[in-house]
Amino acid sequence: MNTVTFKTTDLTPLIETSITADKAALLDGSNAQALRALLEERGVLIFPRADLSDEEQRTFARTIGTPTDQGERGLHKISLDEKVTASARYLKGTVLWHFDGWNDPVPALGTVLSARVLSSTGGQTEFSNTYAAYEELPAETKARISGLKVAHTMMGTQRGIHAEVKPEMEADWENFAIPRHPLVWTHRSGRRSLLLGSSADWIEGLDSSESDTLLAELKAWASQPRYVYRHEWQVGDVVLWDNCGVLHRVEPYPMDSGRVMHRVTLEGEEAIT
């Protein structure tokens with residue numbers, strides 16, 4: 001990686017690298033291959049106070065992958081205000097560990113997220129490296145979970161975050177498909193990761209008690225501090241993460257805080273197998 005235009009700092013042993021870079025070095029694509037490799041290795045890349053405009057964020061995202069058509073020309077505003085984000089009612093669930101595109105056969109490759117307006121309280125984002133979490137599991141646990149499949153549901157992503165669950169809410173959640181994904185994702189690179197998150201509702205073939213216990217144990221394992229990086233946002237920060245091997249969650253913040261993030265989602269390149 002070009003040491004003149006880039007300076008990299010690993011902030012934890014197993015996840016996250018902070019990158020100080022000239023804006024031009026982010027936008028011209030000349031370092032894209034190195035960034036892709038670093039992203040796969042570290043899971044999360046932070047560009048402090050990069051201060052990218054919307055168009056620059058789109059340009060940077062295109063050097064890494066192919067942006068989806070979400071939002072306005074590929075850029076989607078993230079807010080709990082439905083006047084800003086039409087899907088805001090589902091975003092309450094983002095306080096729980098999750099990965100994006102759990103109901104897609106080919107989930108998003110990654111996300112480029114920038115901070116535009118912050119809440120005065122809460123709103124930090126945590127990331128968990130589920131490659132490392134799998135790799136450090138005891139051998140007997142790896143053998144136990146090999147071949148297991150998990151049902152992922154919208155109900156799982158929403159359960160427990162609403163003070164009152166109304167029948168029309170449940171009816172809405174039941175409209176979503178329930179994909180069955182392997183508990184261990186074997187990637188085309190040969191690496192394996194735990195495919196968890198709030199959408200992971202039950203394990204096929206196990207009774208509910210055993211399923212709940214095993215999922216809770218694995219979620220607790222993957223969220224240990226050694227696998228987690230917590231980002232304290234500043235306006236202008238840009239964060240890029242690998243959606244295929246990293247879980248993320250936002251710390252709760254007031255619905256009327258005005259917090260707005262701008263997101264470009266990168267199209268998936270690898271089916272879940």
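Contact here means heavy atoms within 4.5 Å. This briefing concerns a predicted model, in which local features need pLDDT of at least 70, side-chain atom pairs count only at pLDDT 80 or more, and totals for chains, interfaces and linings use all residues. Residues are numbered from 1 along each chain as its sequence is written, and side-chain values use heavy atoms, with hydrogens and water left out.

**L75 and its surroundings**

- L75 lies in the loop between α3 (54-64) and β4; helices (H or I, at least four residues) and strands (E, at least two) are DSSP runs, numbered from the N terminus.
- Leaving aside residues up to four places away in sequence, L75 touches D54, Q57, R58, Q70, H262, R263 and V264.
- L75 counts as buried because its relative accessibility is 5%, where buried means under 20% relative accessible area, exposed over 50% and partly exposed in between (1.4 Å probe, protein chains only).

**The seven-stranded sheet**

- Seven strands form an open sheet with mixed pairing, in the order β1-β2-β3-β13-β5-β15-β4; two strands pair if DSSP finds at least two bridges between them.
- β1 (6-10) and β4 are the edge strands, each pairing on one side only.
- On average, neighbouring strands of this sheet are turned by 25° against each other, direction ignored; axes are lines fitted to C-alpha atoms, for helices over the stretch in contact, and angles run from 0 to 180 degrees between N-to-C directions.
- Helix α2 (residues 32-42) packs on the sheet and touches β1, β2 (17-21), β3 (44-47) and β13 (238-242); the direction of α2 makes about 120° with that of β3.

**The largest pocket**

- The largest pocket has a volume of about 910 Å³.
- Of the 38 residues lining the largest pocket, L91, T94, H98, D100 and R263 are the closest to its centre.
- Two or more lining residues come from each of β4 (76-78), α4 (88-91), α7 (154-158), β14 and β15 (260-266), and β15 gives the largest share, four residues.
- The lining of the largest pocket comprises 17 nonpolar, 15 polar and six charged residues; Ala, Val, Leu, Ile, Met, Phe, Trp, Tyr, Cys and Pro count as nonpolar, Asp, Glu, Lys and Arg as charged, and the others, Gly among them, as polar.
- On a 1 Å grid over the protein atoms alone, a pocket is an open set of points with protein on both sides within 12 Å along at least five of seven lines, a cavity is a set where a 1.4 Å probe fits but cannot get out, and lining residues have an atom within 4 Å of a point.

**The cavities**

- Two cavities of 30 Å³ or more are found in the whole structure; a volume is the space filled by probe spheres set on the grid points, which are joined across faces, edges and corners.
- The largest cavity, of about 40 Å³, has a lining of seven nonpolar, four polar and no charged residues.
- β10 (192-194) and β14 (246-250) each supply at least two residues of that lining.
- The second largest cavity holds about 30 Å³ of space and is lined by W97, S128, G197, K219, A222, S223 and L247.
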